[in-house]
Structure formats: C-alpha cells, structure tokens
Amino acid sequence: MPSNLEFSKAKMTEKRVRVRFAPSPTGALHIGGVRTALYNYLFARQHGGDLIFRIEDTDSNRFVPGAEEYILKSFKWLGIPFSEGVSFGGDHGPYRQSERRDIYKKYVKVLLDSGKAYIAFDTPQELDNKRKEVPNFQYDASTRMQMRNSLTLSKEETDALIASGAQYVVRFKIEPNENIHVHDLIRGEVVINSSILDDKVLYKSADELPTYHLANIVDDHLMEVSHVIRGEEWLPSAPLHVLLYKAFGWEDTMPEFAHLPLLLKPEGNGKLSKRDGDRLGFPVFPLEWHDPKTGEVSSGYRESGYLPEAVINFLALLGWNPGNDQELMTMEELVRLFNLSHCSKSGAKFDYKKCIWFNHEYIMRKSDVELAELFKPVLQEHGVDATKYSDDYLSKVVGLVKGRVNFVRELWDQTRFFFTAPTDYAEKDVKKRWSADTPRIMGELMDILRNIEDFSSKPSEDIVISWITEKGYHMGNVMNAFRLAVVGECKGPHMFNITELIGKEETLSRIQRAINILH
C-alpha cells in the first residue's frame with residue numbers, strides 16, 4: 001500500500017500542481033487563513049506549480065466593503081505572491097464567484113436534469129416548524145418526502161411555483177447508507193456514511209447564486225485544481241464534495257485533499273479567536289483592520305511591529321515541522337523543506353510569545369543598515385529629524401543595541417540619548433550614584449576627556465580607566481556617574497561606544513549640564 005506522500009507524488013506526475021486560496025470578503029483575514037495560504041504557496045512552489053487567488057463572494061449578505069483589498073494588501077506585505085486570480089489575471093477567470101453566475105446555473109441544470117438534485121420550496125417558517133416537530137431534524141432521504149419540493153410535487157406544480165416567482169433552493173439528493181471514502185494526505189483514509197449527511201443547498205433563487213459547496217467544486221474542476229489544502233474545519237464538507245465530483249462524472253479530475261490542523265487558543269481548549277488576542281494582547285490579523293460596520297479597530301502584526309519574515313516563519317511551524325530541530329528558516333528554505341507528510345493531525349497551540357522570539361531573531365539577522373532604515377520612521381514619530389544624521393551614524397547606533405529589542409519601535413527607548421541630551425535624571429540612579437564628591441570628580445574627568453586626541457572607544461577607555469586607577473577612585477561609582485550624566489540613567493551599551501558616536505563636545509556638554517543640575 002503506497003504512503004500518502006507516494007500516492008500524491010504519483011498523481012503529481014500526471015498533471016501540473018495547481019492549488020488555490022479562496023477567502024470570502026466578509027472581514028479581516030484571520031491569521032489561520034494566512035497559514036493556509038502559506039502552506040498552499042509552499043506546496044505550489046516546491047512542485048513548480050500555480051497558486052490561484054479566488055474570491056468566494058456567493059454569500060452577498062455577509063459582504064464587507066474593503067475586505068478584498070485588505071486581503072490583497074496583507075499578502076503583499078507578507079511576501080506571498082499568487083500565480084493567477086483576482087487582480088493577477090490568468091486563463092481560468094473570472095476568479096470572483098459573483099461574476100460566474102451563468103457558469104454555475106449551467107451545472108445546477110446538469111444536476112437537476114440527471115436527477116442528482118431537486119428543487120425545494122420550503123419557507124424558513126416551514127423548516128422551523130419541522131424542526132420543532134422532528135427531534136434532530138435533518139433534510140435528507142428520511143424526511144424529504146414529507147417536505148414541499150419537486151420530489152413530492154408534480155412537474156406542473158413545480159413549474160407553476162417557479163413561474164409565479166416563488167423562491168426556492170436546489171438541494172443535492174444524497175442517497176442513504178453509502179460509505180464515502182475521502183483520501184486525505186494528512187489524515188489518511190477517512191470513511192463517512194452518507195446517512196449522516198443532509199441534502200445540502202447548492203443554489204438559491206433569491207440571489208441567483210450557488211452556495212459554497214457547488215461553487216467550490218465547479219471552480220476547482222474548471223480551474224484544474226490538483227490539490228485542495230485547507231483547514232480542518234472543512235473536513236466535514238469533504239464527503240459531500242466527493243459525491244458532487246462523482247455526480248458530475250469528474251472522478252478522474254478529483255483533487256487530492258489535505259486538511260490542516262486547527263490553530264488552538266494559547267491557553268485552555270478550543271479554536272483560536274479574536275477574543276483570545278484581545279484578552280492576551282496579540283494580533284490575530286496580519287494588518288490593522290478598521291471594521292466599516294462597527295468602527296472597531298483591530299490590531300495587526302504589521303502595525304504592532306512584527307517583521308513579515310518572522311510572522312511567516314512562526315506560522316509555518318504551527319502544525320508542521322521540517323523533520324529536524326531547525327527553527328529559523330527563510331521562505332526559500334521553507335519551500336525546499338516543506339512536506340505535507342510532516343503536518344500534524346492534532347491542533348497547534350498558538351504560542352504568541354514564540355512569535356515575539358522569532359521577531360527578535362529576525363531583527364538580529366538584519367544588517368545594521370537595513371535596521372537603520374526601518375528605524376527612521378520611529379525617529380520621526382519622536383520628533384527627531386532622521387535626515388540630520390548620516391546612515392553610517394544610524395547604523396552604528398542600532399548595531400549597539402539591537403540585541404536588546406524584540407521590535408524596531410523599542411529601539412527608541414534604547415537609543416534616545418544618541419539623539420537628545422537628557423533633561424532630567426533617573427531618581428533612583430541619582431540617589432545611588434551621585435554623591436557630594438561626584439561633581440568634583442566629574443570635573444576632573446572632563447579635563448581628562450578634553451585632552452584625549454583620539455576619541456574613539458578603545459583609546460578613550462584605556463586613558464579613563466588608567467586615570468581612575470591612578471587616582472584610586474571607585475571604578476563603579478565613577479563610571480556609573482559618568483553614564484548617568486551622559487545618558488540620564490544607568491543603562492545603555494558600552495559607555496565609550498556611546499561617547500565615540502556622540503563626540504567629545506557633546507560628551508563634555510552633557511557632563512557639565514549634569515554637574516550644574518545635580519551639584
């Protein structure tokens with residue numbers, strides 16, 4: 001018996017790998033959707049295939065203006081490109097389902113003509129009454145002959161109702177007690193008995209649009225999708241989709257399925273939700289989202305200061321592993337290592353603190369020049385004109401402190417003294433490090449610094465340390481008072497790296513100011 005992976009590889013040799021990501025424009029893109037798109041992208045890239053971007057907007061009641069644009073901007077920021085689809089073009093369009101009405105109507109007719117589907121006129125009220133009458137009511141082979149549909153009405157009655165403008169739906173006719181086999185590349189063989197399935201609605205006359213189930217199958221077939229990689233929440237739909245492929249006679253083109261593990265709450269049980277992010281203080285959307293209906297603003301990974309590479313790396317490892325202990329992987333490395341057989345069947349805890357760790361690691365990977373560019377907008381936000389400083393100066397500044405931060409915005413707190421002289425001094429440090437004798441000693445230090453010709457870090461340090469030793473002063477007291485005067489508190493990188501960058505005149509000016517204020 002071949003393994004899931006061998007089975008999939010055999011099918012991939014027969015046809016080009018084509019996968020799709022098909023969100024609904026009903027709001028912001030959830031981070032779980034980003035992971036699904038990422039896995040599809042990695043799979044397509046690895047096999048030299050295509051990633052299709054399709055918009056599933058058949059539920060007109062849930063449409064949210066701006067959602068589609070938001071989704072596209074999110075993927076652009078994340079660095080996940082599509083081969084074809086909405087806004088990308090291609091030979092299998094249109095890629096927006098609301099623009100494919102006539103295509104779906106044709107396939108609804110195929111199912112009706114072949115007796116694989118039927119027309120149902122039951123009103124919401126009639127369905128509610130039936131649910132009250134029949135415990136655990138399900139519209140299926142055991143109940144459909146009690147309902148108002150084309151199976152219980154004559155052709156003349158059915159045609160007359162349609163002609164009168166009565167609203168109806170088209171339901172798929174599922175035959176009972178049939179074992180449906182779903183071959184899943186992650187979960188293996190899944191067998192479901194058809195008796196537990198209801199006769200799903202495939203089409204609604206009210207808006208002349210199909211439901212997800214029909215549109216999804218027709219689009220996947222016509223767009224030649226070879227693999228459907230989606231979240232575990234869609235696994236219950238897979239048997240119906242298998243039956244639809246068979247109903248159309250498309251068994252030979254049926255895609256491979258792979259249902260990804262759920263993203264779980266960081267704490268407790270259940271699926272990750274926006275409420276978890278609000279409660280624990282982390283984003284669940286890639287970009288900040290402004291809800292046009294409620295006015296609510298939700299945080300995004302971009303605006304919270306995460307690097308896209310860090311988010312991608314973090315998400316890739318939620319439910320998949322490369323088969324070794326490697327954690328840091330570029331997109332190219334992910335493409336090379338990705339393998340569906342290494343995906344977990346069980347849900348993955350959303351460890352948001354791990355994402356912060358990834359962000360720190362990717363900050364460390366960036367060159368000082370790159371980081372300085374990212375830091376410039378932060379300087380502007382704090383009233384510092386970044387154009388007054390050379391790129392070399394900014395690069396050296398961030399290079400001294402980048403190991404101390406998790407986010408680019410945190411660089412400001414670690415470097416502000418490189419751009420503005422302190423105007424006040426940390427009270428606890430003053431109490432501990434500034435005594436009655438300190439102004440005199442700082443005056444002596446100024447004389448020493450003034451006479452240093454090479455003010456770079458190592459020569460300055462050697463001269464100052466020699467002076468402190470020769471005078472018999474307490475090393476810690478002198479150096480901490482020096483730092484307090486220059487920085488405003490007892491923190492920061494190596495003291496003489498600071499003075500080398502801000503220069504001799506600025507260093508002397510700051511010491512004098514501290515003497516005047518703290519005397």
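1. How much space lies in the second largest pocket? The volume is about 340 Å³. Of the 15 residues lining this second largest pocket, Arg-302, Gly-305, Leu-374, Val-378 and Val-408 are the closest to its centre. A pocket is an open set of points on a 1 Å grid over the protein atoms alone, where a 1.4 Å probe fits, with protein on both sides within 12 Å along at least five of seven lines; lining residues have an atom within 4 Å of a point. Grid points are joined across faces, edges and corners, and the volume is the space filled by probe spheres set on the points.

2. The model is predicted: local features need pLDDT of at least 70, side-chain atom pairs count only at pLDDT 80 or more, and totals for chains, interfaces and linings use all residues. Residues are numbered from 1 along each chain as its sequence is written, and side-chain values use heavy atoms, with hydrogens and water left out.

3. Helix α13 (residues 368-381) gives the largest share of the lining of the second largest pocket, four residues. Helices (H or I, at least four residues) and strands (E, at least two) are DSSP runs, numbered from the N terminus. By class, this lining holds nine nonpolar, two polar and four charged residues. Here Ala, Val, Leu, Ile, Met, Phe, Trp, Tyr, Cys and Pro count as nonpolar, Asp, Glu, Lys and Arg as charged, and the others, Gly among them, as polar.

4. The largest pocket contains about 1,200 Å³ of space. Its lining comprises 45 residues, of which Pro-23, Ser-24, Thr-26, Glu-233 and Trp-234 are the closest to the centre. Of the lining residues, 19 are nonpolar, twelve polar and 14 charged. β1 (18-21), α2 (31-46) and β10 (227-231) each supply at least two lining residues, and the largest share, four residues, comes from α2.

5. β1 and β2 pair in the parallel sense over four bridges (pairing requires at least two DSSP bridges). Arg-20 stands opposite Ile-52 in β2.

6. Both faces of β1 are covered, with Arg-18 and Arg-20 buried on one side and Val-19 and Phe-21 buried on the other. Buried means under 20% relative accessible area, exposed over 50%, and partly exposed in between (1.4 Å probe, protein chains only).

7. Gly-48 is placed in the loop between α2 and β2 (50-53). Gly-48 counts as partly exposed because its relative accessibility is 43%. The C-alpha atoms of Gly-48 and Arg-16 are separated by 8.2 Å, with the two residues 32 residues apart along the chain.
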